[in-house]
Amino acid sequence: MTTTASPARGTPPRAPSLVVAASPHLKGRESVATIMWNVVAALVPLVAASAWLFGVSALLVVLASVIGATATEHFVGRRGTLADGSAAITGILLGLTLPAGIPLWAAALGGAFAIGVGKLLFGGLGYNIFNPALLGRAFLMAAFPVALTTWPKAGTGGFWALRGDNFAFPFAAAGHTDAVTAATPLGLFKFEHQLTGASSLFFGDVGGSLGETSALLILLCGGYLALRRFLDWRIPLSVLGTVALLQGALHLADAAKYASPAFALLSGGLMLGAVFMATDMVTAPVTKLGRWVFGATIGVTVVVIRTWGGLPEGVMYSILLANALVPYINTVTQPRVFGARRAKRAPSETNGVVAR
Amino acid sequence: MAEARAALLSRLVRGAASRASAFGFSHGVHPPEHKELTAHLPIRRMPYPDEVVLPLRQHAGKPATLVATPGQHVERGDLLAAADGWVSSPVHASASGWIADVDWWPHPDGSMCRAVRIRVERYSAQIARPRLVPDWHGLTHEQVLRAVQDAGVVGLGGAAFPTHVKLQPPSDARIDTLVINGAECEPYLTTDHRTMAEYPERVHFGVRIMMHALGVRRAVIGVERNKPDAIDALERTRPADLDVTVLPLTVKYPQGAEKMLLKAVLDREVPSGTLPASVGAIVQNVASVATLAEVFETGLPLIERIVTVTGGGVARPANLIIPVGTKTADVIAYCGGLTDDAAEVLNGGPMMGTALRNLDAPVLKGTTGIVALTRDEVRDMAQSPCIHCGRCLDACPMFLNPSLLGDLARAGRHDEMAEAHLADCMLCGSCSYVCPSNIPLAQLFGASKAALRRQAAAKAGAA
């Protein structure tokens, strides 16, 4: 037996420029940017529809909140994260939850708050607990309640007519405007007990925020994302299903007092929230069962707030509340490991390694 | 766009089909197959290289102990190193020539390993010494196992676990079915495919011997549906006196993993932490079965194997019979060399194979393929944070939570990973493959497993 080393042969020349990496050596094509920019693409029709309904004001508001969000991401956050498209989504989504007449500086401030406080303070993409766009809206709601609840009527005035004092100076008293305002269908129902027809709700010819007006378009765009698997259909289905069930039960109990399930589903921000906000991957559970639970939690809270709360609308708070529950939902809905009897969090005895 | 639409359509169709068929498992991924490069190419024999290098560690278990001496002349098939105990396997000369030396040599796994270097005799006919061909009929279970071990047969699917050990199930296990793994779910590879299509009788003969050794009445050969000619060939040559079924499986990675295959073929779920024997089945790779048949046909030990040399980085892809110990560089040179855009050379398939840092690393008994990936295919190293999309949970065939495990791994919380069933992870890489954030999850898990092993060893040493 010989072990005499001959160094010249023991270390043969390394082949130049070969990549040496750990397996797997192949990678699926879809990246975070693919997902995010597809969501952006799915939101574009909604923005276009809101421009058709609310004129140039809609475009200005969305643009302002996108600028607020992306500028904050770029100048405050780590450099280079704009390209993943997530800040643009937050900006567009926030813009879609605002009324067309809101001053642009407020929309931009909301976008900055959404990214700055809602996302960057938590550590940036992937680490935030709450949906940043909704947090931005909650902030605006608290700071400017009047501007946030002055709803221009859709489809009135020409394209170039402003729907409010979009160009108001920061913190100046709102100037006089000629825009026709209208209460939202939910506000009408809650405070004046008037019902809006299902078809106008479906096609969006009603008062409301930019993006919450056409249920049909939201479903189409969301359907595209669900087919490409950029959102999990379980979440909108469980949100909408829960609302329909509960509202149906209430409606059966007292049809005069409680609105029909169709009205509940089609009115307000429910559709936009269920399809585009609750499905935000970062702030939703990772497990499939967890996503059903998460959606149902939102649905129940929405019906409770709308029926017995002081507000006409409750989607925003419902989703934010459910966001807070996500870590717990994840913990209790872990999948059953293949070959294990049941999902359990206790130490397993099978691997022989853990000593705790 | 057209591609995306086609993928969408095929996903819908496949979804409907997989519900209709029971022969698959849940979760898993569909990487592009790329088998068209070599699937139609008949197996050819590569000429003998100038020298072969045979590492003493080519199998799971203890390395073999050297019995040959430098300067000695050996014939093809002569013993170079003997098995060191039961879970070990001998190494034989894969070509006749003179032993140049025994020294450290680059191993495909990236380490250095003691290896026997043989200067191949030029102008030799490479005929092995005449030897006794064991007659399997008359052999007892123990004698068959001894013959299998003496021939150095190991699992040819990649892990190279000694075959005779797998043919000796625990005494309390009652084995009723022999399952043959012909899934070949790794992209690019076509060795098992060509073996089944060209040597179906050999496969059935190997199955017969294994059934005899195990004393089981039933065997099932699982083959993914993307190999219709292999399924046809196996069906055509199916022996009438044996209960052998050829079962078409869904095309999905990792269909060839033991536990996934048993779920697909027998609908049996191997309990966490146990071996397939606990559900009454033994799984063998189809190439190992064919090799076993060769041992009992010719008396020759495992000294050569079928290897797919493929990938966009290889000039002329091929399915080759290669002497074990042939240097990767020699194989690639025979196939026309690397192309200009070749970037990564793999020993094994692209999902679980290892990247070679040194092309002098030889072909081993467990080398299923040599795959040269092009620059475009190589993984990007840039990562983004986990966005909790949950795709890894949908991909994991073991129903683990790779998202959570990845967070724990990066925080170094290995004990908690063990509680979260890290031991059930088989490092198939499905999670890394689908991760849109490009987080190297499988790599993290491999490192964490190693850390836990070190921890346990340290604890055992302290006690």
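Strand β2 of chain B and strand β8 (residues 112-120) of chain B pair in the antiparallel sense over 5 bridges, where two strands count as paired if DSSP finds at least two bridges between them. Helices (H or I, at least four residues) and strands (E, at least two) are DSSP runs, numbered from the N terminus. Within this pairing, V53(B) has R117(B) of β8(B) as its bridge partner. Strand β2(B) covers residues 51-55, of which 4 of 5 are buried; a residue is buried if 20 or more other C-beta atoms, placed from the backbone, lie within 10 Å of its own, exposed if 12 or fewer, and partly exposed in between.

The model is predicted: local features need pLDDT of at least 70 and side-chain atom pairs count only at pLDDT 80 or more, whereas totals for chains, interfaces and linings use all residues. Residues are numbered from 1 along each chain as its sequence is written, and chains are lettered from A and ligands numbered from 1 in the order in which they are written.

Chain B contains 14 helices and 17 strands. Its radius of gyration, 22 Å, is close to the 23 Å that the globule rule gives for 463 residues, so chain B is as compact as a globular protein of that length; the radius is taken over C-alpha atoms, and the rule is 2.2 Å times the number of residues to the power 0.38. The C-alpha trace of chain B spans about 60 × 60 × 50 Å along its principal axes. Of the 463 residues in chain B, 56% are buried. Among contacts in chain B with a separation of 6 or more, 72% join residues 24 or more positions apart, a contact being two residues whose C-beta atoms, placed from the backbone, lie within 7 Å.

An open sheet of 6 strands in chain B has the order β1-β14-β13-β17-β15-β16, with mixed pairing. Its edge strands are β1 (43-45) and β16 (354-355) of chain B, each of which pairs on one side only. Strand β15 (residues 342-347) of chain B pairs with β16(B) in the antiparallel sense over 2 bridges, and L346(B) stands opposite A355(B). Helix α4 (residues 191-198) of chain B lies across β1, β13, β14 and β17 of chain B, at about 120° to β13(B); such angles run from 0 to 180 degrees between N-to-C directions, with axes fitted to C-alpha atoms, for helices over the stretch in contact.

Elsewhere in chain B, helix α11 (residues 402-410) has 7 of its 9 residues buried, among them P402(B), L404(B) and L408(B). The buried residues of α11(B) pack against α10, α12, α13 and α14 of chain B. After α11(B) comes G412(B), with a positive phi near 75°. In strand β5 (residues 79-82) of chain B lies A82(B), which counts as partly exposed because it has 16 C-beta neighbours inside 10 Å.

In chain A, helix α11 (residues 234-253) has 20 residues and reaches 28 Å from its first C-alpha to its last, close to the expected 28 Å, which is 1.5 Å times one less than its number of residues. Buried positions in α11(A) include I235(A), V239(A) and L246(A). The cover of the buried residues of α11(A) includes α10, α12, α13 and α14 of chain A.

The contact between the chains takes 48 residues from chain A and 67 residues from chain B. On the side of chain A that touches chain B, the largest share, 3 residues, comes from helix α2 (residues 32-54) of chain A.
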